[in-house]
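This briefing goes through one protein chain by topic. The sequence and structure come first, and the notes follow.

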Amino acid sequence: FALAALAQEIPMARAGGLVRLGQGANSIRLLGSFTDGCSAVATNLARDKVATKRVLSSQAIPVPNAEVVASWDGARTVPQRLGWPLVVKPSNQDMGTGVTAGIRDEARLARAFEVATKLSPGSILIEQHVAGCDHRLLIVNGEMLIATRRIPGTVVGDGRLTIRELLARLNADPRRGLHKRSLLIRIELDEEALDCLGEANL
């Protein structure tokens with residue numbers, strides 16, 4: 001947003017983690033993609049995954065079948081009703097924080113539940129995994145301005161380098177950072193990545 005404003009010669013300043021576009025009474029402030037025109041209701045609804053699913057479903061928008069659980073005893077019985085694969089999410093986070101997708105067995109379900117519980121104790125969303133492409137849309141005043149396709153972290157082997165070496169080469173790109181708002185995100189060999197590699201016998 002700041003770069004687009006500068007390209008249009010709109011005055012821009014940063015202060016206290018906010019970006020201000022324009023000057024005086026006509027200026028607006030942004031915090032990430034939130035503007036001072038975003039309603040508190042919409043903002044809170046977007047962060048509450050359970051409430052969001054209810055609202056979408058009430059408007060006949062398809063959503064995956066899901067259950068909210070408070071304990072591991074509740075979580076471990078969900079596959080009996082929803083089947084595999086599953087997705088585990090903390091119910092009150094955004095930006096993909098604490099989400100584990102493509103869960104196909106109880107051991108991985110237990111690890112995902114533990115990760116999510118640290119972020120959202122007592123309220124974990126477990127839903128059916130729906131395969132397909134992941135897109136994020138930016139809609140302003142009813143007009144779609146940007147569609148972003150989110151591509152899972154991937155390396156392609158060359159027959160010589162190890163996966164760790166391929167990742168080091170990929171992460172050397174200066175656009176890759178650790179911050180969730182980085183242009184590209186560093187790919188780490190975390191527990192989820194190791195699980196995926198294990199499923200591929202790598």
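Helix α6 has 14 residues and spans 20 Å from its first C-alpha to its last, close to the 20 Å expected at 1.5 Å a residue (the expected span is 1.5 Å times one less than the number of residues). Helices (H or I, at least four residues) and strands (E, at least two) are DSSP runs, numbered from the N terminus. This is a predicted model, in which local features need pLDDT of at least 70 and side-chain atom pairs count only at pLDDT 80 or more, while totals for chains, interfaces and linings use all residues. Residues are numbered from 1 along each chain as its sequence is written, and side-chain values use heavy atoms, with hydrogens and water left out.

**Overall picture**

- The chain has 8 helices and 12 strands.
- Its C-alpha atoms fill a box of roughly 55 × 50 × 30 Å, taken along the principal axes.
- Of the 202 residues, 23% count as buried (buried means under 20% relative accessible area, exposed over 50%, partly exposed in between, with a 1.4 Å probe and protein chains only).
- Among contacts with a separation of 6 or more, 44% are between residues 24 or more positions apart (contact means heavy atoms within 4.5 Å).

**Confidence**

- Mean pLDDT is 89 for the chain, and 99% of the residues reach 70 or more (pLDDT is the predictor's confidence in each residue, from 0 to 100).
- Confidence is lowest in helix α8 (residues 191–199), with a mean of 81, and highest in helix α5 (residues 78–82), with 97.

- The buried residues of α6 are Arg 108, Leu 109, Ala 112, Phe 113 and Ala 116.
- These residues cover an arc of only 135° around the axis, so they lie on the same side of α6 (the arc is that of the directions from the helix axis to the C-beta atoms).
- An α-helix has 3.6 residues a turn, so residues three or four places apart point the same way.
- The largest nonpolar core has 13 residues, and Val 69, Val 88, Ile 103, Ile 124 and Ile 126 have the most contacts inside it (a nonpolar core is a set of buried Ala, Val, Leu, Ile, Met, Phe, Trp, Tyr and Cys residues joined through side-chain atoms within 4.5 Å).
- Two or more residues of this core come from each of α5, β6 (86–90), α6 (106–119) and β8 (124–128).
- The largest contribution is that of α6, with 4 residues.
- Beyond its neighbours within four places in sequence, Ile 126 is in contact with residues including Val 69, Val 78, Leu 82, Val 88 and Leu 109.

**Strand β5 and its partner β8**

- Strands β5 and β8 run antiparallel and are joined by 4 bridges (two strands pair if DSSP finds at least two bridges between them).
- Val 69 stands opposite Ile 124 in β8.

**The four-stranded sheet**

- An open sheet is formed by 4 strands in the order β1-β2-β3-β4, with antiparallel pairing.
- At the edges stand β1 (12–15) and β4 (34–35), each with a single partner strand, so one side of each has no neighbour in the sheet.
- Strands β2 (residues 18–21) and β3 (residues 28–31) run antiparallel and are joined by 3 bridges.
- Within β3, Arg 29 is the residue opposite Arg 20.
- Gly 32 is in the loop between β3 and β4 and is partly exposed, with a relative accessible area of 32%.
- From Gly 32 to Asn 65 there are 33 residues in sequence and 31 Å in space, C-alpha to C-alpha.

**Backbone details and single residues**

- The peptide bond from Trp 84 to Pro 85 is cis, with omega near -10°, and Pro 85 lies in the loop between α5 and β6.
- Asn 141 is not a glycine but has a positive phi of about 50°; Asn 141 lies in the loop between β9 (134–140) and β10 (143–150) and is exposed, with a relative accessible area of 81%.
- Asn 201 is likewise not a glycine and has a positive phi of about 60°; Asn 201 lies in the segment after α8 and counts as exposed at 73% relative accessibility.
- Asn 171 belongs to helix α7 (residues 163–171) and counts as buried at 10% relative accessibility.
- Leaving out residues up to four places away in sequence, Asn 171 touches Arg 176, Arg 186 and Ile 187.
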